[in-house]
Amino acid sequence: IALHAKFCMRVDEMRAKKHLFRLGMHQEIVLEWLLGPWSRGEPVYVTQTVTALSGGSRPLVSRSPMAIYRSVHQLAEGGWLKLDKFPDERRRKMLLPTKKTERYFALLAECLSEVVLAESGKK
């Protein structure tokens with residue numbers, strides 16, 4: 001089985017064991033895209049996320065900007081993201097990770113580490 005398939009199976013096992021809700025594919029894509037700017041310490045905004053994922057000649061997902069916008073807000077409603085409002089700009093919102101998001105990425109890292117170590121031990 002390919003490494004990616006083993007990783008996905010391990011993630012599913014860990015989600016079941018820890019009773020974690022599985023996100024929708026587009027919600028996972030949003031979170032995974034946000035990891036880039038967050039890991040570099042950059043602020044990231046709702047409009048920036050929508051544009052990056054759905055805009056331009058090579059969108060990262062085949063969804064409309066409104067669908068991506070809804071995914072972002074569903075993640076916020078589910079406790080996966082915090083929308084930080086600016087006092088002087090009501091419409092501009094910065095996206096921040098929550099503890100739930102941090103646990104999700106920790107779970108992915110743990111699963112990836114396990115699979116890669118197991119695979120490297122076979123060679």
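This is a predicted model: local features need pLDDT of at least 70, side-chain atom pairs count only at pLDDT 80 or more; totals for chains, interfaces and linings use all residues.
Local features rest on pLDDT of at least 70 and side-chain atom pairs on pLDDT 80 or more, while totals for chains, interfaces and linings use all residues. Residues are numbered from 1 along each chain as its sequence is written, and side-chain values use heavy atoms, with hydrogens and water left out.

Helix α2 spans residues 25-39 and helix α3 residues 46-54; helices are DSSP runs of H or I with at least four residues, numbered from the N terminus. The two pack at an angle of about 110°, and their axes are 11 Å apart. Axes are lines fitted to C-alpha atoms over the stretch in contact, and angles run from 0 to 180 degrees between N-to-C directions. Helix α2 is therefore roughly perpendicular to α3 (65 to 115 degrees). On the α2 side, the contact (heavy atoms within 4.5 Å) is made by Ile29, Val30, Trp33 and Leu34; Gln48, Thr49, Ala52 and Leu53 make it on the α3 side.

Gln27 also lies in helix α2. With a relative accessible area of 14%, Gln27 is buried (under 20%, using a 1.4 Å probe and protein chains only). Apart from residues up to four places away in sequence, Gln27 touches Ser71, Gln74 and Leu75. The side chains of Gln27 and Gln74 are joined by a polar contact of 3.4 Å, that is, a pair of N or O atoms within 3.5 Å, one able to donate a hydrogen and the other to accept it, where residues adjacent in sequence count only if both atoms are side-chain atoms.

Gly55 lies in the loop between α3 and α4 (65-77). Its relative accessibility is 25%, so Gly55 counts as partly exposed (between the buried limit of 20% and the exposed limit of 50%).

Note on methods. Angles under 35 degrees count as roughly parallel, over 145 as roughly antiparallel, 65 to 115 as roughly perpendicular and the rest as oblique.
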